[in-house]
Amino acid sequence: MDIERFLSRALQVIGLGKNELAASYFATCDECDCDTLAQKAEPGDHIAVWDETVGYWHHGIFVGIDGGSNYVIDMTPDSGIARRLLWQFLKSADGAAIIRYDRALSRENTLSLASVMIMEYTNTMDPPPAYDIAKRNCDIFASSCRLGRFQINLDDGVDPVDVGTAVVEILDQAVYAKVSPLVVKLLGFSQDGSLVGQFSGFMHGEVIVAAGHMQGFCGKPLGSTSPAVAFKARYLTDGFEEDLEVVAPSPPGNVPDLILLKGSRSATSLWSTDLEIMASVYALGYTGTENKPSCSKGSLSSTMPGSVAITAHADDGFSGGPVVDKHGRLMGVVKGALGTTIMRIGITPNYDLHTYLL
């Protein structure tokens with residue numbers, strides 16, 4: 001990818017060579033008001049602003065004061081990698097945050113790296129490569145500068161992949177190893193025994209939690225098949241398949257979008273965690289004919305009641321799969337995609353599930 005190439009050259013320019021930071025690191029979000037961002041951030045910090053109108057975080061590297069004004073280096077579709085005034089970066093922002101890392105380059109080296117990457121980006125190609133939400137975006141740029149190595153970002157919208165074989169963080173592998181054995185492939189059948197759809201669910205104590213809208217699902221396009229009225233589970237560990245009993249049907253209007261099923265197997269319930277904006281999340285589910293769950297990494301983009309969402313990618317079949325944090329703690333249940341340009345997934349939050357289980 002272009003940013004990886006630019007980063008490698010920029011590291012050589014500032015005399016760092018190849019950076020050997022450990023593959024495992026932790027990033028936390030220190031939220032603040034837009035008015036206080038300049039006072040709280042230090043030059044070289046990775047900063048981000050939330051734009052409610054489009055529903056995503058925009059990222060950059062804080063430069064600090066130069067000639068009486070605060071500046072930031074960021075990457076945008078219009079300007080590529082460039083330095084601009086902080087007030088322009090904050091324009092239309094509804095919130096701000098500083099992304100803090102437990103292992104990263106020094107802020108001085110981060111700032112030097114970001115500055116050199118401006119020249120690398122603009123001078124290498126004519127015209128320079130276009131902004132790409134999956135391969136060349138603001139989050140990839142800012143996190144790569146802060147870490148000193150190419151970093152696939154949290155909002156890249158990459159298709160779900162088999163985490164066991166993908167080039168991913170050690171932390172990602174640990175989350176997948178912990179949660180994937182709980183994820184169940186669900187098959188929905190009509191009254192006459194025809195397969196209507198494939199979904200996901202997860203074992204949670206004595207029940208299987210899934211998305212309520214799969215009950216009565218009528219195929220794609222909607223209405224193309226008879227409704228799903230019976231369900232089977234296929235388990236990851238041994239491929240065992242069995243009929244399921246509906247113990248708590250989907251409520252009217254699918255609010256919340258949940259259904260509880262019961263088979264012969266049980267598992268330890270996932271611990272829950274508080275929903276924190278911009279927290280790292282993992283959505284797990286089955287896609288197509290795959291017999292192993294896939295995983296899509298993202299961030300919590302909205303905690304508004306009734307519209308809790310994550311920025312990630314959900315393929316067909318993910319509905320009903322668990323959404324967990326970096327420790328494998330339950331945050332919610334996948335409902336479905338909310339868009340295609342900026343990939344967002346609506347989720348049923350964990351507190352709605354707790355209420356439904358009572």
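Me: Which residues of H5 are buried?
Reply: This is a predicted model, where local features need pLDDT of at least 70, side-chain atom pairs count only at pLDDT 80 or more, and totals for chains, interfaces and linings use all residues. Residues are numbered from 1 along each chain as its sequence is written, and side-chain values use heavy atoms, with hydrogens and water left out. Buried means under 20% relative accessible area (exposed is over 50%, partly exposed in between; 1.4 Å probe, protein chains only). The buried residues of H5 are Cys 138, Asp 139, Ile 140, Phe 141, Ala 142, Ser 143, Ser 144, Cys 145, Arg 146 and Leu 147.

Me: Why is helix H5 largely enclosed by the rest of the structure?
Reply: Helices are DSSP runs of H or I, at least four residues, numbered from the N terminus. H5 spans residues 138-147. It is largely enclosed because its buried residues number 10 of the 10.

Me: Which residue caps the N-terminal end of H5?
Reply: A side-chain oxygen lies 3.1 Å from the backbone nitrogen of Asp 139. That oxygen belongs to Asn 137.

Me: Which residue follows H5?
Reply: Its phi is positive, near 75 degrees. The residue is Gly 148.

Me: How many residues has the largest nonpolar core?
Reply: Such a core joins buried Ala, Val, Leu, Ile, Met, Phe, Trp, Tyr and Cys residues through side-chain atoms within 4.5 Å. Leu 186 and Leu 284 are among those with the most contacts inside it. The count is 38 residues.

Me: What pLDDT does the protein average?
Reply: pLDDT is the predictor's confidence in each residue, from 0 to 100. At least 70 is scored by 80% of the residues. The average is 80.

Notes. Helix = DSSP H or I, 4+ residues; strand = E, 2+ residues; numbered from the N terminus. Polar contact = N/O pair within 3.5 Å; in protein donor to acceptor, adjacent residues only side chain to side chain.
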